[in-house]
Amino acid sequence: QILYLKPPWTLASLLQCYKKHWVAVFGHVVPRSLLATVEYLFKHLLSAQTIDSSAAGMLLQESKNLLHAFSSRSDYNGVLPRAYAEVSKLHRTLTEVRGASVDTMVLSENAACEKMEAMAPNLQNCEEKKLHSSTHMAQENRHQEIWSVLEGVWNTINLYSVEIFQKFDPNTVAVTSKSSFEEAFLGLQKLIAAVNDILEGIRR
């Protein structure tokens with residue numbers, strides 16, 4: 001009854017409605033953190049710029065995340081499962097094509113390296129670092145980001161565990177920090193929420 005933009009909707013107006021009513025409506029139906037997904041889709045799907053295969057893969061994955069989240073509420077008369085199946089099919093196809101493209105690129109660059117080595121022995125390395133595609137680099141950065149978060153969680157758990165056990169037995173371990181037992185307890189409460197968010201992300 002109260003909408004930022006009235007139907008019929010285009011993709012642009014639909015995503016704008018998501019953003020406008022996220023706190024009051026959609027954030028109560030799906031995890032609020034998915035607002036970042038909506039904003040990502042809005043930014044990239046409606047851009048006039050051509051996107052590469054890596055960005056296309058990310059767009060499809062984010063679309064799957066959003067559809068999957070809403071599937072916990074309803075199948076919307078069968079529309080949502082069909083949409084999810086089509087997006088998943090596109091994502092699989094793109095992944096296969098990108099994999100084949102990377103293989104072809106590696107083979108062609110290896111052949112070029114062999115020719116250059118035959119002509120110029122000093123160029124033996126043939127810029128091997130260029131074999132890594134932008135997709136691979138993006139994936140590496142994502143892996144690095146995930147690893148960093150998990151490492152931070154582990155370090156925090158380790159620190160507070162040491163703090164707590166030291167309160168029971170001062171001779172058990174050597175503690176370098178001076179945070180109080182109350183700070184350690186409050187920190188663990190925050191950490192539980194962070195771990196739950198990470199677990200939710202892994203499940204998605």
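A salt bridge is a side-chain nitrogen of Lys or Arg within 4 Å of a carboxyl oxygen of Asp or Glu. By that criterion, a search of the whole structure finds one salt bridge. The structure is a predicted model, in which local features need pLDDT of at least 70 and side-chain atom pairs count only at pLDDT 80 or more, whereas totals for chains, interfaces and linings use all residues. Residues are numbered from 1 along each chain as its sequence is written, and side-chain values use heavy atoms, with hydrogens and water left out.

**Salt bridge**

- The side chains of Glu200 and Arg204 form the salt bridge, at 3.3 Å from N to O.
- Glu200 is partly exposed at 28% relative accessibility, and Arg204 is partly exposed at 36% (buried means under 20% relative accessible area, exposed over 50%, partly exposed in between, with a 1.4 Å probe and protein chains only).
- Side chains of opposite charge can pair when their charged atoms come close.

**Aromatic pairs**

- The structure holds five aromatic pairs (rings of Phe, Tyr and Trp, the last by its six-membered ring, with centres within 6.5 Å; planes under 30 degrees apart count as stacked, over 60 as edge-to-face and the rest as tilted).
- One of these pairs joins Trp22 and Phe26, which are tilted, with 6.2 Å centre to centre and 35° between the planes.
- Phe26 and Phe70 have ring centres 6.2 Å apart and planes at 75°, so this pair is edge-to-face.
- Phe26 lies in the loop between helix H1 (11–20) and helix H2 (35–45), and Phe70 lies in helix H3 (residues 53–71), so the pair ties together parts that are 44 residues apart in sequence (helices are DSSP runs of H or I with at least four residues, numbered from the N terminus).
- Tyr18, Trp22, Phe26 and Phe70 form one aromatic cluster.

**Nonpolar core**

- The largest nonpolar core has 12 residues, including Trp22, Val38, Leu59 and Phe70 (a set of buried Ala, Val, Leu, Ile, Met, Phe, Trp, Tyr and Cys residues joined through side-chain atoms within 4.5 Å).
- H1, H2 and H3 each supply at least two residues of this core, and the largest share, four residues, comes from H3.
- Trp22 is buried, with a relative accessible area of 2%, and Phe70 is buried at 8%.
- Not counting residues up to four places away in sequence, Trp22 touches Gly27, Val30, Pro31, Arg32, Leu34, Leu35 and Val38 (contact means heavy atoms within 4.5 Å).
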